[in-house]
Amino acid sequence: MEKIILTGDRPTGRLHLGHYVGSLKRRVELQNSGKFDKVFIMIADAQALTDNADNPEKIRQNIIEVALDYLSCGLDPAKSTIFIQSQIAELCELTFYYMNLVTVSRLQRNPTVKTEIQLRGFAESNDAGDNRPGIPVGFFTYPISQASDITAFRATTVPVGEDQEPMIEQTREIVRKFNSVYGETLVEPDILLPDNSACLRLPGTDGKAKMSKSLGNCIYLSDPAEDVRKKVMSMYTDPGHIKVEDPGKVEGNTVFTYLDAFSRPEHFAEFLPDYASLDELKDHYRRGGLGDVKVKKFLNSILQEELEPIRTRRKEFEQDIPAVYEMLKKGCDAAREVAAATLADVRRAMRINYFEDAELIASQAEKFRG
């Protein structure tokens, strides 16, 4: 069996460090590893419209932003098929068929769906006096859409962040249900989580549980160096660490979580030679005598080193936007060919391939002749 990757992002804005450490950096490594036969990277615009239906221009404008972030981080169209979800009509048809394999109660139990409903402020009931908007059906059923995306390309591996684990499990359930009803047709995928636990869910700069565009606590991959510096210097730390000499807490301290995610041993020799390792830095902070400003400056140096090549490459790709759109169109054409083949297999398994089934036509003709 071929080893195939499928992953992607919703184009609701530029990509940030949470995307980068949670999945994007790993995608580039996997793309270049030579261990996979095919890599599909999807810009999930149709999925983004499920809770942005009143603002399609936002999604339209962000397609190119996400594509530029992909390219600047090292995703290579020669090695990965980069495509736009809405341009693959077969995905909608697969989603429709899979809807018959999932109950409403199962979707209601999906932890990711429940969390996202709360995050976006949707009303979960029709209680009188609740002025919040109701849950769009498309948003409620997006785990099924995601299963369509994954299975259409016969993905064996889906590299995502920890918050997407319930979604992948739902896909696996759909695959098992389909195959048990219609025969072995679909491929059951495996999830690939980040190796570094600090990367599973990078907190926002304000210490919130998740970096989120809607919360305004992001460091974007395309942020200018000065913007990155300002965001790092304003980061949430330990509120009890008021004076330099005060003992500080490392756990729950956003700056140290970022250092867990981004720092490497060589960074200390280059940017902070007073310390031999991150453990040594943490020990000093815990016992007191180490100020937040010094630690933040160290983190800023690390992030600038990581982001500067990305910013430079982005500026180069920005010089030829028509070429980026042409790359996306070629990716869509290639992706649709693969999805069409999967859909054909699904239709055969479901026995709704009426016009290509010569045996069916012949048997029906014989029946009515008799």
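Accessible area here means the Shrake-Rupley value with a 1.4 Å probe. On that basis, the chain exposes about 18100 Å² of surface, and carbon and sulfur atoms hold 52% of that area. Keep in mind that this is a predicted model.

Overall layout next. I count 16 helices and five strands in the chain. The C-alpha trace extends over about 95 × 55 × 35 Å along its principal axes. Of the 370 residues, 50% are buried. Among contacts with a separation of 6 or more, 75% join residues 24 or more positions apart.

On charge, there are 48 positive and 57 negative side chains. The centres of these two sets are 1 Å apart.

Now the interior. In soluble globular proteins, nonpolar side chains tend to be buried together. The largest nonpolar core in this chain contains 98 residues, and the ones with the most contacts inside it are Leu17, Tyr98, Leu259, Phe262 and Leu281. Helix 15, residues 321-349, supplies the largest share of this core, with nine residues.

Which residues does Leu281 touch, not counting those up to four places away in sequence? The list is Phe256, Leu259, Phe268, Leu272, Tyr275, Leu290, Val295 and Phe298.

Is Ser72 buried or exposed? Ser72 counts as buried because its relative accessibility is 0%, and the cut-off for buried is under 20%. Setting aside neighbours within four places in sequence, Ser72 has contacts with Ile310, Arg313, Arg314 and Phe317.

Conventions. Residues numbered from 1 in each chain as written. Predicted model: local features only at pLDDT ≥ 70, side-chain atom pairs only at ≥ 80, totals over all residues. Heavy atoms only, no water. Helix = DSSP H or I, 4+ residues; strand = E, 2+ residues; numbered from the N terminus. Buried < 20%, exposed > 50% of the residue type's maximum accessible area, 1.4 Å probe, protein only. Contact = heavy atoms within 4.5 Å. Lys, Arg positive; Asp, Glu negative; His and termini not counted. Charge placed at Lys NZ, Arg CZ, Asp CG, Glu CD. Core = buried A, V, L, I, M, F, W, Y, C linked by side-chain atoms within 4.5 Å.
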